[in-house]
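Colleague: Can you walk me through this one? Keep it quick.

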Amino acid sequence: MFRFLFLLFIAVPIIEIALLIQVSEVIGGFSTIALVIITAMLGARLVKQQGVHALRSVQGEMARGQMPAKELFDGLCVVIAGVLLLTPGIMTDAFGFLLLTPMVRVHLASQIMKHATVHVAGYSAQTPGFESYSEPSVTRPHSSSSGSNTIEGEFERKD
């Protein structure tokens, strides 16, 4: 966790500053500032469009009585993309625009689901709702060791 926080708060800003300096040497200082402002405005517009679409998809799945796992993951990616795009910098903008790409989200979700197992009150299962993200030949082994990626929780159904 410490490494992640170190990268987030120390390494990323240093890389961003270095990239901004290099870009400003090539295209000029005012052009670099304009580039950062334009990408933030374009990113905000795309995040708004995709965020509204994700919200409607979640509402549609819930209205059909389905678990909107894929749609919620898409919404989470759009929110993270929005934060990255509104953060001044070139690297964060690149990652933000990547997260707004549906193909990248599908690949990211499938990679996460390869390593995820859900335990609910002693029952272990694949996460429902991500079937469209998973590859047909992929199996997710169940492991009860303490080093596995396990999400534990309890739920109560109220009908």
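**Burial, helices and salt bridges**

Modeller: Of the 159 residues in the protein, 26% are buried. Buried means under 20% relative accessible area, exposed means over 50%, and partly exposed is in between (1.4 Å probe, protein chains only). This is a predicted model: local features need pLDDT of at least 70, side-chain atom pairs count only at pLDDT 80 or more, and totals for chains, interfaces and linings use all residues. Residues are numbered from 1 along each chain as its sequence is written, and side-chain values use heavy atoms, with hydrogens and water left out.

Colleague: How many helices and strands are there in the protein?

Modeller: The protein has 5 helices and 3 strands. From the N terminus on, the order is α-α-α-α-α-β-β-β. These are DSSP runs, numbered from the N terminus: helices are H or I with at least four residues, strands are E with at least two.

Colleague: What share of the contacts comes from residues 24 or more positions apart?

Modeller: It is 61% of the contacts with a separation of 6 or more. Contact means heavy atoms within 4.5 Å.

Colleague: Which residues make the nonpolar surface patch?

Modeller: Met1, Phe2, Phe4, Leu5, Phe6, Leu7, Leu8, Phe9, Ile10 and Ile14 make it, and it covers about 1100 Å². Patches take residues with over 30% relative accessible area and no salt bridge; nonpolar side chains (Val, Leu, Ile, Met, Phe, Trp, Tyr) are joined within 5 Å, like charges within 9 Å.

Colleague: Where is Ile14 placed, and is it buried or exposed?

Modeller: Ile14 sits in helix 1, residues 2-27. Its relative accessible area is 54%, which means it counts as exposed.

Colleague: How far apart are the end C-alpha atoms of helix 1?

Modeller: They are 36 Å apart. At 1.5 Å a residue, the 26 residues should span 38 Å, which agrees. The expected span is 1.5 Å times one less than the number of residues.

Colleague: Where is the kink in helix 1?

Modeller: At Ala11, about 35°, shortly before the proline Pro13. The bend at a residue is the angle between axes fitted to the seven residues ending there and the seven starting there. After helix 1 comes Gly28, with a positive phi near 100°.

Colleague: New topic. How many salt bridges does the count come to?

Modeller: The count is 3. The rule is a side-chain nitrogen of Lys or Arg within 4 Å of a carboxyl oxygen of Asp or Glu. Side chains of opposite charge can pair when their charged atoms come close.

Colleague: Which residue pairs with Glu61?

Modeller: Arg64 does, with the closest N and O atoms 2.5 Å apart. Glu61 lies in helix 2, residues 29-63. Glu61 is buried at 17% relative accessible area, whereas Arg64 is exposed at 56%.

Colleague: What else is Glu61 in contact with, leaving aside neighbours within four places in sequence?

Modeller: Gln66, Pro68 and Glu71. The C-alpha atoms of Glu61 and Glu71 are 8.3 Å apart, at 10 residues' separation along the chain.

Colleague: Which residues are linked in a network of salt bridges?

Modeller: Lys70, Asp74 and Arg105. Lys70 and Asp74 meet at 3.2 Å, N to O. They are 4 residues apart in helix 3 (residues 69-86), which means a separation of about one helical turn. Lys70 is partly exposed at 26% relative accessibility; Asp74 has 12% relative accessible area and is buried. Arg105 and Asp74 also form a salt bridge, the closest N and O atoms being 3.3 Å apart. That pair links distant parts of the chain, 31 residues apart: Arg105 is in helix 5 (residues 102-114), Asp74 in helix 3.

Colleague: Are Arg105 and Asp74 buried or exposed?

Modeller: Both are buried.

Colleague: Which residues of helix 4 are buried, and what do they pack against?

Modeller: In helix 4, residues 91-99, the buried ones are Met91, Thr92, Asp93, Gly96 and Leu99. They pack against helix 1, helix 2, helix 3 and helix 5.

Colleague: Last one. Where is Val58 placed?

Modeller: In helix 2. Val58 is buried, at 11% relative accessibility. Beyond its neighbours within four places in sequence, Val58 is in contact with Pro68, Glu71 and Leu72. Val58 and Phe73 are 15 residues apart in sequence and 9.9 Å apart in space, C-alpha to C-alpha.

Key: Accessible areas come from the Shrake-Rupley method with a 1.4 Å probe; for residues, only the protein chains shown count as cover.
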